[in-house]
Amino acid sequence: MSGKEFTLSRTLYGHSLDVRCIAVTPSNDIISGSRDKTAKFWKYNPHQSNFEEVMTYKDQQNFVACVLYLDPTEEFPDGLVVTGGNDSVILVYKPSEPFSTFTIKEHSNTVCALGKANEANAFLTGSWDTNAKYIKISETPKCIVTFTGHTEAIWGVTQLKDNRIVSASADKTLIVWSSDGQKLQSLSGHTDCVRAVIEAPALNAFLSISNDASIKVWSYGGDLIDTYYGHTSYIYDIAVCKDSQSFVTSDEDRTVRYWENGENTQTIMLPAQSVWSVACLNNGDIVTGSSDGLVRVFTQDKSRYADEAALTKYREEGLALERQSKQEFGGVKVSDLPGKEALYTPGKKAGQMLMIRDEGKVIAYTWFVDGETCFWDKVGEVLGSTDKDSSGKTVFEGKSYDFVFSVDVEEGKPPLKLPYNRGDDVYQVANNFLTKNFLPATYLEQVVDFILKNSSQQYVPPSSSAYQDPFTGGNRYTPSYQNNTGQLGVNVDPFTGGSSYSTRAPNPTTSSVAATAGCTNPPPVDPTRTTGDPNSTIYDFRIIPYKTFDSGVPGVILKKLKEFNSSLTEYRLFGNDLENLVQLCVEPSENATIYELLFKMFEWPENNLFPVLDIVRMAVRNEHSNTIISKLYEGVIIKKLQGFINSEHAVVNNRIVALRTICNLCSHKSGENLVSENIYDIIGNVSTVRHINANGQLALATVLMNLTLMILKNKEHAGYKVLAEVLPDMITTLDDSEAQFRIYVAIGTLMQNSDSLRPEVVEKIKESGEFLPLLKLHFHVTNEAQNKRANCAKQIYSLL
């Protein structure tokens, strides 16, 4: 069939998240593994040329990273299905049974590679723990050999026909081993992580693929015979076709490439961001697994082509993604928005907005919480007009606008147009939109939030501040205000909350190691109870969850990193390194070297470090990344952060983001423990800070509030007196009312929860000579933003 084009044959729906791995059987069945923690067995029907999902395997406790099929034997006449997961466990299933027959715990980190052995009922494994293993199954599984020698994760492993074993690693090398575990050769040539290795007997060679976008051909003697180029990004997988003369590869540039005689003779473009896996069936067809959660089968046999409707849909999806790669929303490419899989991640707070890609459209969702009921509620389709004037603005009703959004507010009805110009009063724009379309006034804040996020703007109140935006250079920042209940602050960070890159003071999202966004633990609220009069709020100073700085726009961070990276002569990054690093803002990486690369970026000049720090800030919101970052290099991250927050560090932007990062570390146990172990050093560094802008003051105050909560939570009595001395002194150095309010909350919480030590704590607080006069001064209010501070100050005074 050489020369014929591969065309879509079947699309298999069933997984809810990325399909990360594919294996096939001699009978053309397919086994798929996914980030949704399941593997599936798809039985092939040769009479109808289709596949039926006959079994789902659910025992993996984290995402399935690799799958393998072992051929039938006398002991196992139906063969065996093997899966390896991010939970470090290998599971062995009988194909017809949903529960694993064997559980193998031989690795200490993610099992990311499985390979067939030449011996029956045996297979090879590779792991992030840098080891490969030879597993033999008789009555029970047993590790026969451990291969130790790589310095980083092993991503691929295969056994050659002469029984030697080859492993591929993130340390950029391949190692050839004897079957008893002796290291025979180390092969160098790739310049980045080696993702897979496979034997091609008809070529008398084995092939390797890499993040360096190259395919290398190696002789059995270990000589580099040839290198093939064609991919433009990371190559994730490789499979040899039935005839063994040709092979296929898949990658991060959305393609599957078919190779004959060393030439890329066909490129198949998929409507998905990443094509994680590829395999070849015995009938000559190609199978792919991709980031959109789908398994696709491509064929050269016209009798197995998909019907015209399926082919049309497939082409339209590809064209839509191509268009989206050129469109931007709020400074972020539409193609960079997540797909439907993002809806499986719970929101962090009621009212949180989420934009996703769905069949060529951008759809807005909001997180709905009502008691134990919570879900992503569809707001509607969001589109930008393409009717542009000569200046590039969008024309609507005869006027030119920077943005004209189409908001589909009701199913079956035409979308409503929402025009907006930069500099307009966003509240007035939102109010006009609601009035014109007869929509409830209760939608005002939601519409304002929607406009700000999707136009990279922030709300500017009448009085402007004198702070200069360190990220864009010329803009000024002003405090933004949100009328959101259940949050401690009123300042909104246009960097983290409004899609523009700045260190404006954010409105941190509540987070807790004990309470999650799940319905059974709804997001905690502000430690206040109101009497109906906003000027008479009563604070009960209970121990609340840690406050974190959660929001952020990875695309904007990436833009700033690229700008800085292009100016470097040393430590400059190439290829897709920056994109992969920024992806940590969204999800953890299965590639351990990504975290190491992140730490290496701390070698950048200090003035260029704040977006690097911000990747860390956003990454540690995820528990897996939090654990890795907190433990990597024996917890060195906390030392680095302390270096940025002390008074001797000259770059204010670094200090602000470092303070926010310390807050976010507390959101999961590993980071919380790391902060707790260094709590007095952190307090010492923070207490030296003086003359920092309003954004820094807010971050500093939030750190001190979190440390107060931590010391009280751990009942660390020695810390009570330290805080009783530090908190009153620190508030006298601040002039931002919101930051002062948070210190007052910390002081009130300390006094209220210090139990038998309360008299000593109160006396220590009173010893601060400047504190009591300042406290009384704060009883007086000169603007609305100071009401909270005044109410809290009065209550602190009554407690004293």
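Here a residue counts as buried when its relative accessible area is under 20%, and everything shown comes from a predicted model.

Close-up A. With a relative accessible area of 14%, phenylalanine 403 is buried. Tyrosine 420 is buried too, at 2%. The two rings form a stacked aromatic pair, with 6.5 Å from centre to centre and 25° between the planes.

**Close-up B. Phenylalanine 247 and tryptophan 259, another of the aromatic pairs.** Searching the whole structure turns up 20 aromatic pairs. In this one, the ring centres of phenylalanine 247 and tryptophan 259 are 5.9 Å apart and the planes sit at 10°, so the pair counts as stacked. Here too, distant parts of the chain get linked: phenylalanine 247 is in strand 23 (residues 246-251) and tryptophan 259 is in strand 24 (residues 255-260), 12 residues apart. Both phenylalanine 247 and tryptophan 259 are buried.

**Close-up C. A cluster of aromatic side chains.** Look for Phe599, Phe602, Tyr633 and Phe644, which together make up one aromatic cluster.

**Close-up D. Two arginines over tryptophan rings.** Arginine 20 lies over the face of tryptophan 276, at 3.5 Å from the ring centre. In the other example, the ring of tryptophan 155 has the charged end of arginine 195 sitting over it, 4.3 Å from the ring's centre.

**Close-up F. Strand 27, covered on both faces.** Strand 27 (residues 286-290) has 5 of its 5 residues buried, so it's largely enclosed by the rest of the structure. On one side are Ile286, Thr288 and Ser290, on the other Val287 and Gly289, and all of them are buried.

Close-up G. Strand 26 (residues 275-280) and strand 27 run antiparallel, with 5 bridges joining them. Across this pairing, alanine 279 stands opposite valine 287 in strand 27. The two strands form a hairpin with 5 residues between them. Check out glycine 284 in the turn, which has a positive phi of about 95°.

**Close-up H. Strand 27 and its pairing with strand 28.** What sense does the pairing between strand 27 and strand 28 (residues 295-299) have? It's antiparallel, over 4 bridges. Isoleucine 286 stands opposite phenylalanine 298 in strand 28. This is a hairpin as well, with 4 residues between strand 27 and strand 28. The turn contains glycine 293, whose phi is positive at about 80°.

Terms used:
Residues numbered from 1 in each chain as written. Predicted model: local features only at pLDDT ≥ 70, side-chain atom pairs only at ≥ 80, totals over all residues. Heavy atoms only, no water. Phe/Tyr/Trp six-rings, centres within 6.5 Å; stacked < 30°, edge-to-face > 60°. Buried < 20%, exposed > 50% of the residue type's maximum accessible area, 1.4 Å probe, protein only. Lys NZ or Arg CZ within 6 Å of the ring centre and 35° of its normal. Pairing = 2+ DSSP bridges.
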